[in-house]
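This briefing covers one protein chain, from its overall fold down to single residues. Please keep the sequence and the model in view while reading.

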Amino acid sequence: ECIAAILENICAINNSRVTIPGNNENPRNYYRSESYPDGTSSIFFSLQRPAVDMRYYVARLVRYMRVSKSVFVVALIYLDRIHAADEILALTDFNVHRLITTAVSVACKFLEYEVHRNSTICRIGGVPAVAEMNMLESQFLRRIKWDCSVSIQSYDLYRTNVFKRRYGQPTLSEVSSSLCSVSDGQTDIQRFDDSSGEEEPF
């Protein structure tokens, strides 16, 4: 819940600062021309603004990924790193679902002894195909230069701020300017209805 609230706040800030596609524009086409450096950043964007609630989505990741809390803290650090490497990937409503799923997947594989296959992660996060999940991870790792290690100091800093957010105290925005802000320049996933067992594309 704390992480979902942080992501919602960051997206709200960035949605008002970045230029986002119009209602009839395909986000992937919109961002492809500005993408890093070969057009591949667009894979992190949904074909339309997802309707799924971020708290529901993160709760689903927590429930079905069944990983330690440290994985989600490290995933936030990775989100900072990828935005520092590629300014197009400031968190917004159009990319947050794919980015958090990929960050959690990469963090899980770096930290945990037992990990899910990408086919399972696709079902949990709503990514349509394993090949697409593979590409998301590959492009994510390229941008952070395969640097998955996290210092104890960085981990403690992020963990402390997630804990503070739980009690309404200062959030990551006071620690991590890159995650919450956008420079002056500027998923295609499916929603799972657990009650019906059906998938609703968005």
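A residue is called buried when its relative accessible area is under 20%, and exposed when that area is over 50%. By that cut-off, the buried residues of helix 7 are Glu132, Met133, Leu136, Glu137, Gln139, Phe140, Leu141 and Arg143. The model is a predicted one. The points below begin with the whole chain and then turn to helices and residues.

**Whole chain**

- The protein chain contains nine helices and two strands.
- Along the sequence the order is α-α-α-α-α-α-α-α-α-β-β.
- The chain has 202 residues, and 48% of them count as buried.

**Helix 5**

- Helix 5 covers residues 96–111.
- Its 16 residues should span 22 Å at 1.5 Å a residue, and the end C-alpha atoms of helix 5 are 22 Å apart, so the two values agree.
- Because 13 of the 16 residues of helix 5 are buried, this helix is largely enclosed by the rest of the structure.
- Ser105 is one of the residues of helix 5.
- Ser105 counts as buried because its relative accessible area is 1%, and the cut-off is under 20%.
- Leaving aside neighbours within four places in sequence, Ser105 is in contact with Met65, Asn118, Ile121, Met133 and Glu137.

**Helix 5 against helix 6**

- Helix 6 runs over residues 118–125 and packs with helix 5 at an angle of about 145°, the axes being 11 Å apart.
- The crossing of helix 5 past helix 6 is right-handed.
- On the helix 5 side the contact involves Thr101, Ser105 and Lys109, and on the helix 6 side Asn118, Ile121 and Gly125.
- Sorted by class, this contact of helix 5 with helix 6 holds one nonpolar, four polar and one charged residues.
- In general, an α-helix has 3.6 residues a turn, so residues three or four places apart point the same way.
- Cys122 is also found in helix 6.
- With a relative accessibility of 6%, Cys122 falls under the 20% cut-off and therefore counts as buried.
- Cys122 and Met133 are 11 residues apart in sequence, with their C-alpha atoms 6.8 Å apart in space.

**Helix 7 and the residues after it**

- Helix 7 takes in residues 130–143, and its 14 residues should span 20 Å at 1.5 Å a residue; its end C-alpha atoms are 20 Å apart, which agrees.
- Lys145 follows helix 7 and has a positive phi, near 55°.
- Trp146 is placed in the loop between helix 7 and helix 8 (152–166).
- The phi of Trp146 is also positive, near 60°, in a residue other than glycine.
- Trp146 counts as exposed because its relative accessibility is 58%, and the cut-off is over 50%.

**Ile82 and Leu89**

- Ile82 has its place in helix 4, and Leu89 is found in the loop between helix 4 (69–85) and helix 5.
- Ile82 counts as buried because its relative accessibility is 0%.
- Leu89, at 1% relative accessibility, therefore counts as buried.
- Not counting residues up to four places away in sequence, Ile82 touches Phe44, Leu89, Leu99, Phe140, Arg143 and Ile144.
- Ile82 and Leu99 are separated by 17 residues in sequence and by 9.3 Å in space, C-alpha to C-alpha.
- With neighbours within four places in sequence left aside, the contacts of Leu89 are Ser41, Phe44, Phe45, Ile82, His83, Asn95, Leu99 and Arg143.
- Leu89 and Ser42 lie 47 residues apart in sequence, and the C-alpha to C-alpha distance between them is 9.1 Å.

**Arg66**

- Arg66 sits in the loop between helix 3 (54–65) and helix 4.
- Arg66 is not a glycine, although it has a positive phi of about 55°.
- Is Arg66 buried or exposed? At 70% relative accessibility, Arg66 is over the 50% cut-off and so counts as exposed.

Technical notes: Residues are numbered from 1 along each chain as its sequence is written. This is a predicted model: local features need pLDDT of at least 70, side-chain atom pairs count only at pLDDT 80 or more; totals for chains, interfaces and linings use all residues. Side-chain values use heavy atoms; hydrogens and water are left out. Helices (H or I, at least four residues) and strands (E, at least two) are DSSP runs, numbered from the N terminus. Buried means under 20% relative accessible area, exposed over 50%, partly exposed in between (1.4 Å probe, protein chains only). The expected span of a helix is 1.5 Å times one less than its number of residues. Axes are lines fitted to C-alpha atoms, for helices over the stretch in contact, and angles run from 0 to 180 degrees between N-to-C directions. A crossing is left-handed if the near helix is turned anticlockwise from the far one by less than a right angle, and right-handed if clockwise. Contact means heavy atoms within 4.5 Å. Ala, Val, Leu, Ile, Met, Phe, Trp, Tyr, Cys and Pro count as nonpolar, Asp, Glu, Lys and Arg as charged, and the others, Gly among them, as polar.
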